[in-house]
Amino acid sequence: MPSELITLHSLLGDIYHGLVAMLTIILPFLEKAVVPLATVGGTLGGVYWAQKGQIKLKIIDLDFQRENIKREEKIKRDKELVDERKSKYTSFINKALYMNQKYIYDACDPSSQDYIEFTIIHNELQIIAPQSIREFAYKIYSSVNEYILFSKNHQNNLIIMETCDKLRDESIKKIALFQAFTNKDIIKYYND
């Protein structure tokens, strides 16, 4: 007897699921015909509205999942951009400090590999950084250029050496300020 009840229960469940599946398929076609039956009442109307509610919940769930996926993709893209900017900021700062140190006693040749690399890093930074960073990076680039391209051949001339020291100090101060400024730009991503 108990196994017959289980079989009967399973059979009724299968029939119900089959009916629901059929209604899901033909629901768009029968919507205008079934709605009057549902207003009159009956089992068919109840099944119709129950199925309609399930479909609506599935649509809402799919929309929610899509929104979550879009949000996660945006977060991933933002993180990749911030990581790229951080890398460019670091490269630019390191190269600017390197150029200041390397050309402390000699002027830089603008056709040298160091100068070309410095210019390339600056240009890459100009492409990916926000406007405020780009303006500041240009000030650094100009300041470093002014110092490293300054002729240091007259090391016995006190005025030239004082000018050279001032240019270098100014360049290093700007680099330090740029480092603090870019740090704020990167940190704000992690604080949001």
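Begin with the aromatic rings: a search of the whole structure finds six aromatic pairs. Rings of Phe, Tyr and Trp (its six-membered ring) pair if their centres lie within 6.5 Å; planes under 30 degrees apart count as stacked, over 60 as edge-to-face and the rest as tilted. The model is predicted, so local features need pLDDT of at least 70 and side-chain atom pairs count only at pLDDT 80 or more, while totals for chains, interfaces and linings use all residues. Residues are numbered from 1 along each chain as its sequence is written, and side-chain values use heavy atoms, with hydrogens and water left out.

**The ring pair**

Select Phe136 and Phe181. The centres of their rings are 5.4 Å apart and the planes stand at 35°, so this pair is tilted. The pair links distant parts of the chain, 45 residues apart: Phe136 belongs to helix α4 (residues 131–148) and Phe181 to helix α5 (residues 158–191). Helices (H or I, at least four residues) and strands (E, at least two) are DSSP runs, numbered from the N terminus.

Are the two residues buried or exposed? Buried means under 20% relative accessible area, exposed over 50%, and partly exposed in between (1.4 Å probe, protein chains only). Phe136 counts as buried, at 19% relative accessibility, whereas Phe181 is partly exposed at 31%.

Display α4 next. The 18 residues of α4 should span 26 Å at 1.5 Å a residue, and its end C-alpha atoms are 26 Å apart, which agrees. The expected span is 1.5 Å times one less than the number of residues. Among the buried residues of α4 are Ile133, Phe136, Ala137, Ile140 and Tyr141.

Move on to α5, which has 34 residues and reaches 49 Å from its first C-alpha to its last, close to the 50 Å expected. Its buried residues include Cys164, Leu167, Ser171, Ile175 and Phe178.

The axes of α4 and α5 come within 9 Å and cross at roughly 160°. Axes are lines fitted to C-alpha atoms, for helices over the stretch in contact, and angles run from 0 to 180 degrees between N-to-C directions. The crossing angle makes α4 roughly antiparallel to α5; angles under 35 degrees count as roughly parallel, over 145 as roughly antiparallel, 65 to 115 as roughly perpendicular and the rest as oblique.

**Helix α3**

Select residues 113–128, which form helix α3. Its 16 residues reach 23 Å from the first C-alpha to the last, close to the 22 Å expected. Buried here are Asp114, Tyr115, Phe118, Ile121, His122, Leu125 and Ile128. Seen down the axis, these residues fall within an arc of 165° (taken from the directions from the helix axis to the C-beta atoms), so they line one face of α3. Gln113 and Ile127, on the other side of α3, are exposed.

Bring α4 back into view: the axes of α3 and α4 come within 9 Å and cross at roughly 165°. These two helices are therefore roughly antiparallel to each other.

**The whole chain**

Finally, display everything. The protein chain has five helices and zero strands, and of its 192 residues, 27% count as buried.
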